[in-house]
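Please look over the model shown here. The report goes through it site by site.

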Amino acid sequence: MFDFAKLGSDFSTPISTQPLDQAFLIHKNIDLYNQLGLTLSDAKLLKITNGEIKFNNTTPVASIYAGHQFGYFNPQLGDGRSCLVGQINNHELSLKGAGSTPYSRHADGRAVLRSSIREYLCSAAMQGLNIATTQALSLIGSQTPVHREQLEKGAIVMRVAPTHIRFGHFELFASRGQTVQVKQLADFVIEHHFPDLKGADIYVDWLTQVVKRTAVMIASWQAQGFAHGVMNTDNMSILGLTIDYGPFGFLEAYNTQFICNHSDHEGRYAFDQQPGIGLWNLTRLLEALSSLINAKQTKNILKTYEQELIKTYSSLMRQKFGLTQKDEGDHQLINQFLNLLQAHKKDYTNSFRNLSNLNEFAKDDSFSSWIERYHKRISQEDISNRAELMNAINPKFILRNYLAEEAIRQAQDQQKYSKISTLFDLLSAPFDEHIGFEKYAQKTPKWAQGLSVSCSS
Ligand code: AMP
Ligand code: MG
């Protein structure tokens, strides 16, 4: 049994996976595979990803959790289409789409190829961008029919993370008054994932770390233009990992109010709302842990969120502009640039990538006076490798919706997977030039401008 399963039946239920028909391996993350110290053949990896054979003879389990969805508490959710199948090298292996579980709530427990490709590629993209995320080890396709708006095919992604525990796991037990289980789960997370904490106020120290990691994660999303789309508390990792890739999106034309989830009519999870929602979600988490920390401690812990977020965001933005020293006017300089991007609907990623090569901007009159100020500012700092430093934080490649869509169409219509492979390589090393692959750094072409990402997955 693996560590989480050992917590027992209050936390998870053993399940049987329901393998897909005629499953085939589409891609595997070789770096991750090596890091985990795996030695499986591809044939065996396929069978494990498909739930046909067990990993190290381990019985899979589905865990139970709750969560605030779009602001409203749902007292019981759970791994409705995912399950934990084992553990290696302090990482849990989780299948998404391997069939129904006791928590499927009348849904089919499946994941379609389209959304699995998106999750697989975005996990690699976030890792490439140095943003904390669950990882994806393997992606398989199949002939199993799955009913959504149209008939699609089932697929499975094997996710990897030290733990897949979410804020919602704590909320479930707290809402039921099961403070013993809340403590058990907190102690489990501390023992296995925060082993260096030893102080007298261990829960305070731990939650301060959780707040910090969440703040750093969201600051990184804001700096690199990532919108999660469904920041429900059941989609918030206790390790501060980006988790559950659904209708996510990267900013293209800069727009602070960008909403990537078409079902989010109120814009609750709009791009510029993410930092505030992070605090709202952490507040729900700390409420759920109120049996372990008092009100004053809670207040003090939550107070650290904004500081951490601003500190990390400012630091990342300064790096994106190639600024190594602080100057009073920097905040304004940065905001003016962002305002120009928004006013002129400039591509967020490409504008930053081009900033290290000012010739690109010289052609653009609307930026000329800003560029003059920026020139003056950077000439105060005598740095020989500024362009190099900037290119190490301003990606050339992000997972634009149209790129994912091209890979999806190739997979669905032609049963070919080369675009997945190409995108995986580019997105895993998004700061490298990848000469010859410039077209993958291009803005959304006309054909794809009306693309909308379906929420069903
Ligand atoms: P999500 O919005 O994808 O994070 O899902 C919210 C909840 O619904 C989670 O508990 C999922 O496990 C569950 N869920 C989503 N899709 C399915 C499905 N096709 N079958 C079973 N459970 C699902
Ligand atoms: Mg979820």
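## Basis

The structure is a predicted model. The values below are computed from its atoms.

## The magnesium site

Ligand 2 is a magnesium ion. Two residues coordinate the ion: Asn235 through OD1 and Asp244 through OD. The distances run from 2.0 to 2.2 Å.

Are these two residues buried or exposed? Asn235 has a relative accessibility of 10%, so Asn235 counts as buried. Asp244 is at 14% and also counts as buried. Both values fall under 20%, the cut-off for buried.

Ligand 1 is surrounded by 14 residues. The closest are Gly78, Gly80, Arg105, Asp108 and Gly109.

Asp108, one of the closest residues, has a polar side-chain atom 3.0 Å from a nitrogen atom of ligand 1. Arg148 has a side-chain N or O atom 3.4 Å from a nitrogen atom of ligand 1. For Tyr65, a polar side-chain atom lies 3.4 Å from an oxygen atom of ligand 1. How much of the ligand does the protein cover? On its own, ligand 1 has 480 Å² of accessible area, and the protein covers 79% of that.

## Cysteines

How many disulfides does the whole structure hold? The search finds zero. Take Cys122: the nearest cysteine sulfur belongs to Cys260 and is 10.0 Å away. A disulfide needs two cysteine sulfur atoms within 2.5 Å, so Cys122 is in none.

Cys122 is buried, with a relative accessible area of 0%. Cys83 is at 2% relative accessibility and counts as buried.

## Asp330 in helix α10

Helix α10 spans residues 330–343, and Asp330 is found in it.

Which side chain does the side chain of Asp330 contact? The partner is Arg318, in a polar contact of 3.1 Å.

Notes
Residues numbered from 1 in each chain as written. Chains lettered and ligands numbered in written order. Predicted model: local features only at pLDDT ≥ 70, side-chain atom pairs only at ≥ 80, totals over all residues. Heavy atoms only, no water. Donors = N, O, S within 2.8 Å, 3.2 Å for Na, K, Ca; no water. Buried < 20%, exposed > 50% of the residue type's maximum accessible area, 1.4 Å probe, protein only. Near = heavy atom within 4 Å. Polar contact = N/O pair within 3.5 Å; in protein donor to acceptor, adjacent residues only side chain to side chain. Areas by Shrake-Rupley, 256 points an atom, 1.4 Å probe, with all protein chains shown as cover. Helix = DSSP H or I, 4+ residues; strand = E, 2+ residues; numbered from the N terminus.
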